Amino acid sequence: PKGPVLCFVGPPGTGKTSLGKSIASAMGRKFIRLALGGMKDEAEIRGHRRSYAGAMPGRIIDAIRRVDSRNPVFMLDEIDKVGQDFRGDPASALLEVLDPEQNEHFLDYYLDVPFDLSGVMFIATANLVEPIPRPLLDRMELLALPGYTDEEKKRIALEFLVPRQIEASGLSGSPPEITSEAVLKIIREHTREAGLRNLEREIGSICRKIARKVLQQEGQEKSLIVIPELVEEYLGPRKFHYEVAEAKDRIGVTTGLVWTETGGDIIFVEATKMKGNNKLILTGSLGEVMQESAQAALSYIRSNAEHFQIDQDFFSEHDIHIHVPAGAITKDGPSAGLTLAIALISLLTGRPAKREVAMTGELTLTGRILPVAGIREKLLAARRAGVKTVVFPEKNRVDLDDLGPDIRADIEVVLTGSVEEVVDLVLR
């Protein structure tokens with residue numbers, strides 16, 4: 001039967017390529033990986049006609065020839081990074097490759113005869129869905145590979161990463177013991193990621209420093225136990241601080257949850273007022289969508305000033321400045337609408353916002369909260385930062401029902417459909 005074309009979508013380091021290799025191994029098929037990042041020439045897919053000097057077959061046919069199999073597992077890596085210029089559009093050429101109805105008669109210009117690709121199992125990987133062209137996305141079945149929880153990272157590290165790095169460092173004769181507490185300290189204080197790449201790098205760094213110590217001891221081998229106190233000695237002071245848990249509540253400062261291609265993260269929205277003439281200033285490398293969210297939040301509050309007990313004349317005599325820290329990092333997306341609105345209400349009513357309550361949701365002019373994406377990643381970011389309560393749109397209930405209890409542990413989840421329901425929960 002013609003199987004679906006799978007597309008694994010998730011942050012870097014979550015095991016998309018490894019999963020493709022495992023599928024090939026389980027099916028007893030050969031595995032090919034083709035990196036599509038930066039590919040701009042359509043001829044790399046379809047090949048060149050033999051009338052041209054230096055003609056060669058496309059990379060699809062060439063890979064199948066090299067692997068010497070008609071039905072391999074073929075991984076198209078980084079399909080969201082395919083380029084496009086005057087030499088053609090490789091993404092459009094991939095349509096014939098991936099469409100089960102067409103790829104029985106795939107025509108490579110170099111071969112100049114149809115080649116049957118229907119026996120090949122294609123698997124694509126991507127970090128983001130948005131850059132993938134819609135017609136290409138329509139041919140694929142998306143499977144999300146989200147980030148790992150701290151507990152999952154710890155188990156993977158102890159069972160796989162630590163033994164692999166010990167062997168790579170030449171310590172198999174007298175392997176050091178890295179305790180689970182030490183691994184957890186590395187995860188929380190020396191890495192901030194959805195995947196496992198930096199975690200493996202830090203473990204590898206510890207193993208190499210232990211190997212140097214063993215060599216300096218001139219053959220006096222003795223096994224070493226790495227405890228949390230030794231982690232700082234090997235890796236230096238902690239690199240990442242999660243300031244939410246210990247920060248104090250402030251007027252006009254709210255905690256938001258965002259989703260990036262490397263996983264979930266928290267942001268702070270700061271709002272302040274000054275004498276002026278009704279001007280809205282936005283800073284912090286905000287994209288167009290986020291700027292529009294801020295304008296919509298201000299318009300909603302002005303139209304409901306009486307409900308929130310805000311002086312109607314306030315806006316004509318003051319300017320409002322909204323800033324999102326980490327100004328060098330570009331931020332965009334509609335999911336900060338609720339966070340922006342609560343920051344403004346906190347500023348204009350003089351009520352401090354609880355720093356341990358984080359929120360996400362798209363805001364409309366009528367005050368409704370629309371659903372957003374990346375719920376799992378945002379929950380994981382909230383747990384890492386020490387947030388106690390998270391506010392999600394009511395329409396994201398389905399996404400929350402799919403999550404296991406270990407992800408929702410220690411966090412109170414509040415679902416809401418309007419701004420009015422959130423104000424008393426977040427503001428003192």
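Student: What covers the buried residues of H3?
Tutor: Quite a list, and keep in mind that this is a predicted model. The cover includes the strands E2 (31-35), E3 (73-77), E4 (106-107) and E5 (114-115), along with helices H2 (43-46) and H4 (90-98).

Student: OK, and which residues in H3 are buried?
Tutor: H3 spans residues 59-67, and its buried residues are Ile 60, Ile 61, Ala 63, Ile 64 and Val 67. They sit on the same side of H3, because the arc they cover around the axis is only 160 degrees.

Student: Why would residues a few places apart point the same way?
Tutor: An α-helix has 3.6 residues a turn, so residues three or four places apart end up pointing the same way.

Student: What follows H3?
Tutor: Asp 68, and its phi is positive, near 60 degrees.

Student: Switching to the sheet: what order do the strands have?
Tutor: The order is E2-E3-E6-E1-E7, an open sheet of five strands with parallel pairing. E2 and E7 (140-144) stand at the edges with a single partner strand each, so one side of each has no neighbour in the sheet. On average, neighbouring strands here are turned by 25 degrees against each other, direction ignored.

Student: Where does H3 touch that sheet?
Tutor: H3 packs on the sheet by touching E2 and E3, and its direction makes about 150 degrees with that of E2.

Student: How many bridges join E1 to E6?
Tutor: Four, between E1 (residues 5-9) and E6 (residues 121-126), and the two strands run parallel. As one example, Cys 7 has Ala 124 in E6 as its bridge partner.

Student: New topic, His 48. Where does it lie?
Tutor: His 48 is in the loop between H2 and H3. It is partly exposed, with a relative accessible area of 27%.

Student: What is His 48 in contact with, leaving aside its neighbours within four places in sequence?
Tutor: With those left out, His 48 is in contact with Ala 43, Ala 55, Met 56, Tyr 109 and Tyr 110.

Student: Last one: at what angle do H7 and H9 cross?
Tutor: Roughly 45 degrees, with the axes of H7 (residues 180-189) and H9 (residues 228-235) coming within 8 Å. That makes H7 oblique to H9, and the crossing is right-handed.

Student: Which residues meet there?
Tutor: From H7, Glu 181, Ala 182, Lys 185 and Ile 186 meet Pro 228, Val 231, Glu 232 and Leu 235 of H9.

Methods
Residues are numbered from 1 along each chain as its sequence is written. This is a predicted model: local features need pLDDT of at least 70, side-chain atom pairs count only at pLDDT 80 or more; totals for chains, interfaces and linings use all residues. Side-chain values use heavy atoms; hydrogens and water are left out. Buried means under 20% relative accessible area, exposed over 50%, partly exposed in between (1.4 Å probe, protein chains only). The arc is that of the directions from the helix axis to the C-beta atoms. Contact means heavy atoms within 4.5 Å. Two strands pair if DSSP finds at least two bridges between them. Axes are lines fitted to C-alpha atoms, for helices over the stretch in contact, and angles run from 0 to 180 degrees between N-to-C directions. Angles under 35 degrees count as roughly parallel, over 145 as roughly antiparallel, 65 to 115 as roughly perpendicular and the rest as oblique. A crossing is left-handed if the near helix is turned anticlockwise from the far one by less than a right angle, and right-handed if clockwise.
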